[in-house]
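Work through the exercises below with the sequence and model open. Try each task before reading its solution.

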Amino acid sequence: MLEYLNLSINNFSGGIPESFRNLQNLKLMDLSSNPLNGEIPESLFEICHLEDVYLNNNKWFHSHNYWKCN
């Protein structure tokens, strides 16, 4: 099971796929320094084990998302 995903500095473009919501055991996700754009999908905020998220140096639209886990 995947716990750490580092895809930083890979020149990925577009948005974060909705299928990332299936990575329910993910603890760290680094998508920094790619030309990613769009809004951060709501499904990302449902990954309850996610502790560290790095999304800086991309082109996100303003979003009011928040983690939904207790």
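The protein chain has zero helices and five strands; helices (H or I, at least four residues) and strands (E, at least two) are DSSP runs, numbered from the N terminus. Along the sequence, the pattern reads β-β-β-β-β. This is a predicted model, where local features need pLDDT of at least 70, side-chain atom pairs count only at pLDDT 80 or more, and totals for chains, interfaces and linings use all residues. Residues are numbered from 1 along each chain as its sequence is written, and side-chain values use heavy atoms, with hydrogens and water left out.

**Exercise 1. The sheet**

Find the order of the three strands in the open sheet, and state whether the pairing is parallel or antiparallel.

Solution. 
- Step 1: The order is E1-E2-E4, and the pairing is parallel. Two strands pair if DSSP finds at least two bridges between them.
- Step 2: E1 and E4 are the edge strands; each has a single partner strand, so one side of each lacks a neighbour in the sheet.
- Step 3: On average, neighbouring strands of this sheet are turned by 5 degrees against each other, direction ignored. Here axes are lines fitted to C-alpha atoms, for helices over the stretch in contact, and angles run from 0 to 180 degrees between N-to-C directions.
- Step 4: Look at E2 and E4, which run parallel and are joined by three bridges. Asp-30 stands opposite Tyr-54 in E4.

**Exercise 2. The salt bridge**

Search the whole structure: how many salt bridges are there?

Solution. 
- Step 1: Apply the criterion, a side-chain nitrogen of Lys or Arg within 4 Å of a carboxyl oxygen of Asp or Glu.
- Step 2: The search finds one salt bridge. Its partners are the side chains of Arg-21 and Glu-18, at 3.4 Å from N to O.
- Step 3: Check the surroundings. Buried means under 20% relative accessible area, exposed over 50%, and partly exposed in between (1.4 Å probe, protein chains only). Arg-21 has 41% relative accessibility and is partly exposed. Glu-18, at 42%, is partly exposed too.

**Exercise 3. Positive phi**

Locate Ile-9 and Ser-33, and describe their phi values.

Solution. 
- Step 1: Start from the rule that most residues other than glycine have a negative phi.
- Step 2: Ile-9 has a positive phi, near 50 degrees. Ile-9 sits in the loop between strand E1 (4–6) and strand E2 (28–30). With 66% relative accessibility, Ile-9 is exposed.
- Step 3: Ser-33 also has a positive phi, near 60 degrees. The loop between E2 and strand E3 (37–38) holds Ser-33. At 30% relative accessibility, Ser-33 is partly exposed.

**Exercise 4. A loop asparagine**

Is Asn-58 buried or exposed, and which backbone atoms lie by its side chain?

Solution. 
- Step 1: Asn-58 lies in the loop between strand E4 (52–54) and strand E5 (59–60).
- Step 2: Its relative accessibility is 16%, which means Asn-58 counts as buried.
- Step 3: A polar atom of the Asn-58 side chain lies 3.2 Å from the backbone nitrogen of Asn-34. The backbone oxygen of Leu-55 lies 3.0 Å from a polar atom of that side chain.
- Step 4: Now list contacts (heavy atoms within 4.5 Å). Beyond neighbours within four places in sequence, Asn-58 touches Leu-31, Ser-32, Ser-33, Asn-34, Pro-35 and Leu-36.

Technical notes: A polar contact is a pair of N or O atoms within 3.5 Å; within protein, one must be able to donate a hydrogen and the other to accept it, and residues adjacent in sequence count only if both atoms are side-chain atoms.
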